[in-house]
Amino acid sequence: MRAGAFTGIAVGPFDPQSPQAAAIADLFGSALLICGAVFALVTGLVVYCVLRFRANGAREPEQVEGNTRLEIAWTIAPILILAWLLVLTVRAMSASDPPIDRDPDVTIIGHQWWWEARYPSGAVAANEIHVPTGKALVVRLESTDVVHDFWVPELGRKIDATPGRPTSIWMQADHPGTYAGTCAEYCGVQHAWMRISVVAETPEKFAEWERHQLAPAPRPTEEAAVRGATLFGAMTCVKCHAIGGTGEGARFAPDLTHVAERTTLGAGVLPNTPADLSHWLQDPQGIKTGCHMPDAQLSDTQVADLVAYFETLR
Ligand code: CUA
């Protein structure tokens, strides 16, 4: 089994790709420099004093008390340093997290253990969230079950997704690309496999993607795929998954209308290949223990038919 389709992608805050993330990274860099200088000064003085004033025999050191000038200096210096850090922090906060003044461009909903994205157009996506480049987007965060935390460090700040209490953040991608993120709040047994990837595309490509998402699933023609489609409707699949255009399905689990276009399964736990999809259908609990996808006890033929059907969903 090839677990961990996303493990090769680093999730890190040191390569900001948006003005919001850059403000946060700059603040981190400045704070690190200031704190590093203080650390170097203090440890340097300790080492110097240990060497310079080490005891020669048992002589008592000269006893002194108080030094007004020194005491004023080491009171004022930290105040100035902290005041400077406060200024930097307020500046970074207003650059990365200005007030939200309009409706969301996308609503992202945390589920145990995957992310759902809903666009005002009606388009839906799971785990792979497409956005247009060069535009500050309002992202609204919700949760259906427990507290999750949405974090795509290259594109913006992190924020909790709390049930019953929606919040919004700004997110932007300057350049086309795929940006990795993860759930950053422990949310149950599969917290680690709640990856997210933001696919940033030019506004034209994004509009094309969005139009395509709104299109219903194509009707299968090939024999195995037709059998798979019938099976999908007859079994418990439709109790959780929807497929656009079939008139069936619920929304407790990822929408499968265009499932074959996704790059991973199970919020990043497997790459989305026909072989891995078969494996996933046969043993979801072995691959992602505790997830809400049950083992449907499918026969090999049923798995093959379902995979044939799902592969048509583009
Ligand atoms: Cu969702 Cu951790």
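Visitor: How do the axes of helix H4 and helix H7 cross?

Guide: Two packed helices are described by the angle between their axes and the distance between the axes. In this predicted model, the axes of H4 (residues 223-234) and H7 (residues 300-310) come within 7 Å and cross at roughly 100°. H4 and H7 are therefore roughly perpendicular to each other. Axes are lines fitted to C-alpha atoms, for helices over the stretch in contact, and angles run from 0 to 180 degrees between N-to-C directions. Angles under 35 degrees count as roughly parallel, over 145 as roughly antiparallel, 65 to 115 as roughly perpendicular and the rest as oblique. Helices (H or I, at least four residues) and strands (E, at least two) are DSSP runs, numbered from the N terminus.

Visitor: Which residues of H4 and H7 make the contact?

Guide: Contact means heavy atoms within 4.5 Å. H4 contributes residues including Ala-224, Leu-231 and Phe-232, and H7 contributes residues including Leu-306, Tyr-309 and Phe-310. By class, this contact has 9 nonpolar, 2 polar and 2 charged residues (Ala, Val, Leu, Ile, Met, Phe, Trp, Tyr, Cys and Pro count as nonpolar, Asp, Glu, Lys and Arg as charged, and the others, Gly among them, as polar).

Visitor: How do the axes of helix H5 and H7 cross?

Guide: The axes of H5 (residues 274-282) and H7 come within 10 Å, crossing at roughly 130°. That makes H5 oblique to H7. Pro-274, Leu-277, Ser-278, Leu-281 and Gln-282 of H5 meet Asp-300, Val-303, Leu-306, Val-307 and Phe-310 of H7.

Visitor: In what order do the strands of the sheet lie?

Guide: Two strands pair if DSSP finds at least two bridges between them. Here 5 strands form an open sheet of mixed pairing, ordered E4-E10-E9-E6-E7. Strands E4 (128-132) and E7 (159-161) are the edges, each pairing on one side only. The twist from one strand to the next averages 30°. Strand E6 (residues 148-151) pairs with E7 in the antiparallel sense over 3 bridges, and His-148 stands opposite Ala-161 in E7.

Visitor: What confidence does the model carry?

Guide: The protein chain averages a pLDDT of 89, and 96% of the residues score at least 70; pLDDT is the predictor's confidence in each residue, from 0 to 100. Over residues 1-5 the pLDDT is below 50. Where pLDDT is low, the predicted coordinates should not be read in detail.

Visitor: What conventions apply?

Guide: Residues are numbered from 1 along each chain as its sequence is written. Local features need pLDDT of at least 70, side-chain atom pairs count only at pLDDT 80 or more, and totals for chains, interfaces and linings use all residues, while side-chain values use heavy atoms, with hydrogens and water left out.
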